[in-house]
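Hi everyone, thanks for coming. I'd like to walk you through one structure and its charged side chains. Let me put it up on the screen.

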Amino acid sequence: MRESHRVSVVVPVFNRAGLLPETLECIFGQTHPADEIIVVNDGSTDTTSQVLTSFSSRIRVIDIANSGDMVAKNVGLKHANGDLVAFCDSDDLWMPEYLQEMTRFWSLWSGITVAYADFCEVHDGVWQSESKFQQAPEGFWDDLRTLEGEHGCLERSFVSSLLQYQPFFPSCMMVDRKRFLAAGGWDESVGRVVGCDFATHLQRVDDPPIGVLRRPLVGIRKHAQNFSGDNLRMELGDAYVLQTILDRRDGLARFENEIQRSIQSRLVAAFEIAYARGDLDLVRELRGKLDESALGRMHWLKYTIARLPSSLRDPLWRSTVLAGTAKGRWRGKKRTAH
């Protein structure tokens with residue numbers, strides 16, 4: 001039975017002509033059809049415009065100058081007519097029941113502002129067997145209350161948990177349009193850094209109740225154009241996002257200590273990746289942002305090496321990287337033996 005809620009779908013797109021058609025076909029094939037599908041063309045320079053023209057009878061296209069993902073999502077949100085809005089990135093996929101199951105939250109629980117579904121990564125057309133929710137650390141979902149079947153609800157702020165593990169993605173998200181708009185929509189203050197949507201998710205999970213669908217009805221396609229494939233950019237992006245919301249969002253000030261610890265943890269991870277890649281200029285830069293308490297003996301050694309003249313630095317850098325690789329392999333063999 002079709003629910004009474006009107007549902008809008010917003011798809012931001014930039015230069016995804018090769019991936020967009022399959023994404024749109026998944027949206028068209030929903031068992032609970034969307035009342036409208038808005039595609040915001042964020043200044044694409046490839047053949048995306050031609051692709052959109054071929055679907056013109058089934059979608060509404062809004063063309064804007066290239067402004068970034070958050071701006072494009074907000075443009076679609078402001079033009080939406082539905083009381084519920086679902087977002088789907090132009091390279092992601094929905095199972096046919098996605099909108100039906102997500103809309104169900106607003107019949108099961110009064111006051112839900114946002115709901116998230118589980119997802120699987122998709123590699124070369126193959127959906128991976130383990131979902132993102134299944135990879136969560138032990139105890140992560142302990143406070144999830146079951147509403148019905150695989151529909152659950154979080155009745156407290158989930159910010160502290162999200163700082164430890166982030167399983168919520170834009171393509172898995174449905175919102176109450178009026179309340180999301182009143183809260184400011186997608187946070188544009190963080191600019192276009194990798195992981196910029198993290199700021200918005202942190203704000204949304206601080207406004208319970210939050211719907212959680214424990215069924216992976218979304219496929220996040222992994223491909224050459226994914227920014228999230230670069231771990232260094234992800235760690236630096238998340239650290240920047242966290243610092244920005246701490247500086248500009250008073251509502252999360254009570255989590256300051258936790259956010260600062262998370263920033264330091266991400267910067268340490270970036271430090272290690274940069275050193276392993278031989279980006280020693282970045283290693284020196286990151287040292288200036290790290291608290292001394294976050295650094296161990298090996299971090300100090302690596303920083304010292306990064307400051308040496310190249311004639312001394314390069315052989316020492318190679319030897320420490322090789323030693324670290326060998327140590328990692330030894331630990332892997334030891335775990336396998338046990």
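So, to start: where is the place of E285? Look in helix α11, which covers residues 280-287. Helices here are DSSP runs of H or I with at least four residues, strands are runs of E with at least two, and both are numbered from the N terminus.

Quick housekeeping. This is a predicted model, where local features need pLDDT of at least 70 and side-chain atom pairs count only at pLDDT 80 or more, while totals for chains, interfaces and linings use all residues. Residues are numbered from 1 along each chain as its sequence is written, and side-chain values use heavy atoms, with hydrogens and water left out.

Back to E285: its relative accessibility is 46%, so E285 counts as partly exposed. For that scale, buried means under 20% relative accessible area, exposed means over 50%, and partly exposed is in between, with a 1.4 Å probe and protein chains only. If you want a sense of distance, the C-alpha atoms of E285 and S44 are separated by 34 Å, and those two are 241 residues apart along the chain.

Now, salt bridges. I'm calling it a salt bridge when a side-chain nitrogen of Lys or Arg is within 4 Å of a carboxyl oxygen of Asp or Glu. How many salt bridges does that rule give? The count comes to 19.

One of them joins the side chains of R16 and D91, at 3.2 Å from N to O. R16 sits in the loop between β1 (7-13) and α1 (20-28), and D91 in the loop between β4 (84-87) and β5 (92-94), so this pair ties together parts that are 75 residues apart in sequence. Buried or exposed, what is R16? R16 is buried, at 14% relative accessible area, and D91 is buried too, at 5%.

Next, D230 and R277, whose side chains also form a salt bridge, 3.2 Å from N to O. This pair links distant parts of the chain, 47 residues apart: D230 is in the loop between β11 (210-222) and α9 (231-248), and R277 is in helix α10, residues 256-277. D230 is partly exposed at 23%, and R277 is partly exposed at 48%.

Then there's R287 with E292, at 3.9 Å from N to O. Here R287 is buried at 14%, whereas E292 is exposed at 57%.

Last one: D69, K73 and D89 are linked in a network of salt bridges. Happy to take questions!
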